[in-house]
Amino acid sequence: MPVPAHPDTALPDSQTRRSRRKEARPGELLAAALDLFVEKGFAATRVEEVAQRAGVSKGTLFLYFPSKVELFKAVVRENISGRFAVWNDEFERFEGSTHDMLRYCLFNWWERLGSTRASGILKLIMSEAQNFPELASFYQQEVMQPGKTLIERILRRGVARGELRPMDFTYGVYLVLAPMLFLALWKHSLGPCCSEHAQLEPHHYLAAQLDMLMHGFSQPKTPMNPSLEHPLP
């Protein structure tokens, strides 16, 4: 006949489960918030909905995140800006050519971020930034500026190695960013609404963009016509 467990022996297990559940709550709230922000936008998402989707009360949510703005910032840090330390470390250790580095930049961005739900944050920012300047300023500081700085480092490395021609780095950075931004916006706007024949294949698209960048950035084999170096006003 089985011996019933002493009440005291069940207490540690119960406490452990509660402790683990408490530790998991911030992550569950951030996951629920990401889903709702991408689905509905910032303005239309209510904290009550986030709490309900995460299976907690609104009061519990506010224990971790004092406002919807702070919740959004935490979502961005968890899914995007918190990764820059790793990306910069990879830049420091990269030993390949500039072509290899740009290819790694584009394709790994897609695999780690662009293809995920988190890339929908960009569409949210671009559509709602004007109404929420605090969010726009935060995103500029924590995502756009570090991203631009990293890409500029890649381009400057290429110029220093003689693999890229001298350029205006400010606009060179935007040329690299442009295909990533477009692909993220496409994924969360027109892409789901287009027919199968009108869909973009992300890897083919990024490969084509890389080819265009490298032909435009590479050192010319013959000197350029000076009259073509500067556009007409």
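Trainee: Taking a disulfide as a pair of cysteine sulfur atoms within 2.5 Å, to how many disulfides does the count come?

Mentor: By that rule the count comes to 0 disulfides. Please keep in mind that this is a predicted model, in which local features need pLDDT of at least 70 and side-chain atom pairs count only at pLDDT 80 or more, while totals for chains, interfaces and linings use all residues. Residues are numbered from 1 along each chain as its sequence is written, and side-chain values use heavy atoms, with hydrogens and water left out.

Cys194 is in no disulfide, and the nearest cysteine sulfur, that of Cys193, lies 6.8 Å away. Cys194 is partly exposed, with a relative accessible area of 25%, whereas Cys105 is buried at 17% (buried means under 20% relative accessible area, exposed over 50% and partly exposed in between, with a 1.4 Å probe and protein chains only).

Turning to the helices (DSSP runs of H or I, at least four residues, numbered from the N terminus), the axes of H5, residues 84-93, and H6, residues 98-114, come within 12 Å and cross at roughly 155° (axes are lines fitted to C-alpha atoms over the stretch in contact, with angles from 0 to 180 degrees between N-to-C directions). H5 and H6 are therefore roughly antiparallel to each other, a label for angles over 145 degrees, with under 35 being roughly parallel, 65 to 115 roughly perpendicular and the rest oblique. On the H5 side the contact (heavy atoms within 4.5 Å) is made by Val86, Trp87, Glu90 and Phe91, and on the H6 side by Met101, Tyr104, Arg112 and Leu113. By class, this contact of H5 with H6 has 6 nonpolar, no polar and 2 charged residues (Ala, Val, Leu, Ile, Met, Phe, Trp, Tyr, Cys and Pro count as nonpolar, Asp, Glu, Lys and Arg as charged, and the others, Gly among them, as polar).

A second pair is H4 and H7, residues 120-128, whose axes come within 11 Å and cross at roughly 140°, and which are therefore oblique to each other. Here Phe72, Val75 and Val76 of H4 meet Ile121, Leu124 and Ile125 of H7, and the residues of that contact divide into 6 nonpolar, no polar and no charged.

H4, residues 68-79, also holds Lys73, which counts as buried at 13% relative accessibility. Leaving aside neighbours within four places in sequence, Lys73 is in contact with Glu134 and Phe138.

Key. Helices (H or I, at least four residues) and strands (E, at least two) are DSSP runs, numbered from the N terminus. A disulfide is a pair of cysteine sulfur atoms within 2.5 Å.
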